[in-house]
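Please keep the 3D view open as you read, and take the points in order.

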Amino acid sequence: MPEERRDWSLRVRDLVKTFKEVRANDGITLRVEPGEVYGLLGPNGAGKSTLVKQVIGLLAPDSGTITLGPYDLVADPDAARQLCSYLPQAQMPIASFRARQAIDITGMIRGGDRDTVTRRRDELIEALDIGEWRDTLGAKLSGGVRRLVGFAMVTACPGRVMVLDEPTNDVDPLRRRLLWQEVRRLGDAGVAVLLVTHNVMEAERAVDRLAVIDRGRLLAEGTPSSLKAEDRGRLRLQVMLGPRVETPALPPFVQLHTRVGHNLMTVVAEAEAAHAIRWAQELMGLGLAEEYALGATTLEDVYIRLTGDVEAAGREAG
Amino acid sequence: MTTLAAPPASALRSGVVYWWHSYRMMLRWEMVSLRMVLVITVIVQILTGAGFVLALGLFFGTVPPRAALFVSTGVLVITLITIGLVLGPQLVAMQKAEKTYDFLWSLPVPRTTAALAWVTTNLILGLPGMAVALGVALLRYDLDLHLSWAVIPAVLLTLFTGTMVGYALAHALGNPMLVAAITQMLIFVIIGFSPINFPADQLPGWLATLHRWLPLAPMADIVRAGLTEGVVEGVARSYLVLGTWAVASVGISAAVLGRRG
């Protein structure tokens, strides 16, 4: 079969990985198609990193299979390392590398020839807008720029699968957008992108499909829209409470509420929108709230409903 | 059209060309990684080697020829193995603490190329110190040296074994504090309590016997045998013991790196 017509989807089936008593992955099954940006969303300790480390051959599962095209990545970790590029959550060990040098060497280690890697490096440096640091030593780069250099390192010669673990950590908003454009370009070139994140808002914009994982299990999977489908007919009322104000008594129409700092997020039925606005205005009238906003529910609400991870959702929303 | 327009490679690389390319790239990675400490490390190695040789004269004024010969040849072994046995495990412990370890081991290179690139780096870092120490010894003491070709395999096996024992230790141990403690102790044992700089008969009997089975004394024996005549006996046995340590450390490294959690 010609290579380009082969099915290059990444298939994970019934994956179980335990550390002592903890089932870090507890029967996970998923499939990522070439060209797809697939998000793995979940709170810290959910089992996301354990999952991707098995994909790239750093950990072996207790049971279950991982295949990519014709390759069994569990039985053949060398194939896993050749076919998958990995951007870890930690910063790259490039303190004594100049930015372009780190990209070049990693690209060539990944199998790229010098000319192609050099061209691709220049494209990436331009696309990510990090030209002014191309000759700067890693030790002198800010966290965000170092992160972008790390991204360029692992994408200078990408594999069939690209595992990105929190790629936008420390990156400024403008360059985040540039980075997501590059992720999309990877997808367009046929790379299956596995994106690990607990940044719900960003995931909603960047992924084609996503899985919500918690305590080693896959709780839900689908496109961002399909995951929000269950929340159709509901609205999100966000109330910014005043300083040192305790959570007020909630009217019966509030279906769900979470509070992070001064931010009180509630979910109400669409039919109750008028009541909800009146209630929020009353709170403002009493001096308990400073402002409010009523809008469609987001993936964040779905995420909180599934995982109960209020802290992460609130932090990213803030 | 951009460089990325073509679909990513799907054929696996293998064979000698792949191995050699990976080895060269990993060596480059190691050398650039150590760039900031490279010069200082070589200087420290040179000062350590030369310092040992000269300090002996300061301590004793008149140094007996046999003592001068032992220290001058023993110190070469110390300059060869300290980076691999001490700095190596500390660097790996640091990678584990900073969580950069996973990235380095996710790189698509044969494991042997990463190990041999590190051995080569040790050779590059250790050889200048060794050469200077030998030169200083020749200038300072009227040494009766008989340089033979045997010094080449002796130096290479000593360096390889020292580096690979450190490598196995580094990858087998998870706790950076434990690694720091063990490497500190190793330095202490190498310099003070192993028959490298002095003959084994100056040690307590039990320790001398123990050293017959540890790698340090055989290292000193084979390097010294390559530089002198009639000083060292039982060189074949030393090669055998050291060779066994080399094979064992490679085996342990392979087992640890192949473990995958």
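Predicted model: local features only at pLDDT ≥ 70, side-chain atom pairs only at ≥ 80, totals over all residues.

1. How many salt bridges are counted between domain 1 of chain A and domain 2 of chain A? The count is 1. Polar contacts between these two domains come to 2 residue pairs, both residues of a pair being at pLDDT 80 or more.

2. On the side of domain 1 of chain A that touches domain 2, helix H7 (200–206), strand S9 (209–214) and strand S10 (217–222) each supply at least two residues. Sorted by class, that side of domain 1 of chain A has 8 nonpolar, 3 polar and 2 charged residues.

3. Now step back to the domains themselves. The domain assignment divides chain A into domain 1 (3–222) and domain 2 (228–317). Their contact draws 13 residues from domain 1 of chain A and 10 residues from domain 2 of chain A. The centres of the two domains, taken over C-alpha atoms, are 34 Å apart. Between them, domain 1 and domain 2 of chain A bury about 1100 Å², with 69% of that on carbon and sulfur atoms.

4. The size of an interface is often given as the accessible area lost when the parts come together. For chain A and chain B the buried area is about 3900 Å², 61% of it on carbon and sulfur atoms. Which residues of chain A lose the most area to chain B? They are A:Arg81, A:Gln82 and A:Ile109, together accounting for 20% of what the chain A side buries. The contact involves 53 residues from chain A and 36 residues from chain B.

5. Across this interface, too, you can look for a salt bridge: the rule finds 1 between chain A and chain B. The side chains of A:Lys53 and B:Asp102 meet in a salt bridge, at 2.7 Å from N to O.

6. Helix H2 (77–83), helix H3 (99–109), helix H4 (114–127), helix H5 (143–155) and helix H6 (173–188) of chain A each provide at least two residues of the side that touches chain B. The residues on that side of chain A comprise 30 nonpolar, 10 polar and 13 charged.

Key: Residues numbered from 1 in each chain as written. Chains lettered and ligands numbered in written order. Heavy atoms only, no water. Contact = heavy atoms within 4.5 Å. Buried area = accessible area lost by both parts, 1.4 Å probe. Salt bridge = Lys/Arg side-chain N within 4 Å of Asp/Glu carboxyl O. Helix = DSSP H or I, 4+ residues; strand = E, 2+ residues; numbered from the N terminus. Nonpolar A, V, L, I, M, F, W, Y, C, P; charged D, E, K, R; others polar. Domains from an automatic or database assignment. Polar contact = N/O pair within 3.5 Å; in protein donor to acceptor, adjacent residues only side chain to side chain.
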